[in-house]
Amino acid sequence: MKPGEGSAAIIGKSVRIHGELTGSEDLYLDGEIEGTVALAESRFTVGPNARVFADIKARDVIVFGRIEGNIEATGRVELRQGSSVVGNIHALRLSIEESAAVSGKVETSGKSESAVQSSGLRAAIPVAPYPPASSGNSGEEPGQPNLYKTGN
């Protein structure tokens, strides 16, 4: 194994970046960034001291710190204990630990829409809740006891 292979590049907590951050390797940020982050094929880890004011596009995003911006991940997003995200999250999978906070729209999908359509699967059919809503008539169907009524 070559030096640095298999480990993430690290940006320390005293570093501030203003602008566009792009790359093709995993990145661990513990500093501050304002702008955009584009790591399409990589993992972006937001350390506990990090403050991110940016829209993020990455394969995976792991958050220990604070993000103000939208997250778009082709893989998963993990919000670890004490982290916070103010913005929309769109990911294949989402994991939220206790005391993590999200303020925004969350959209997850196990498969892309095109994959579902090409597989021949049909959309789910809505099912009426049980017991059905009362239509105002108190008659019960013969042979069907009302389990929600006391005294049966």
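This is a predicted model: local features need pLDDT of at least 70, side-chain atom pairs count only at pLDDT 80 or more; totals for chains, interfaces and linings use all residues.
Local features are given only where pLDDT is at least 70 and side-chain atom pairs only at pLDDT 80 or more, while totals for chains, interfaces and linings use all residues. Residues are numbered from 1 along each chain as its sequence is written, and side-chain values use heavy atoms, with hydrogens and water left out.

**View 1. Asp30 in the loop between strand E3 (27–29) and strand E4 (32–46).** Strands are DSSP runs of at least two residues, numbered from the N terminus. Asp30 is buried (under 20% relative accessible area, 1.4 Å probe, protein chains only) and has no salt bridge (a side-chain nitrogen of Lys or Arg within 4 Å of a carboxyl oxygen of Asp or Glu), the nearest side chain of opposite charge being Lys13, 5.8 Å away. A polar atom of the Asp30 side chain lies 2.9 Å from the backbone nitrogen of Asn49.

**View 2. Phe44 in the largest nonpolar core.** Such a core is a set of buried Ala, Val, Leu, Ile, Met, Phe, Trp, Tyr and Cys residues joined through side-chain atoms within 4.5 Å.

**View 3. Ala38 in strand E4.** Ala38 is partly exposed, with a relative accessible area of 31%. Leaving aside neighbours within four places in sequence, Ala38 is in contact (heavy atoms within 4.5 Å) with Leu21, Thr22, Gly23 and Lys57. The C-alpha atoms of Ala38 and Ala58 are separated by 6.0 Å, although these residues are 20 residues apart along the chain.

Terms used: Helices (H or I, at least four residues) and strands (E, at least two) are DSSP runs, numbered from the N terminus. Buried means under 20% relative accessible area, exposed over 50%, partly exposed in between (1.4 Å probe, protein chains only). Lys and Arg count as positive and Asp and Glu as negative; His and the chain ends are not counted. A polar contact is a pair of N or O atoms within 3.5 Å; within protein, one must be able to donate a hydrogen and the other to accept it, and residues adjacent in sequence count only if both atoms are side-chain atoms.
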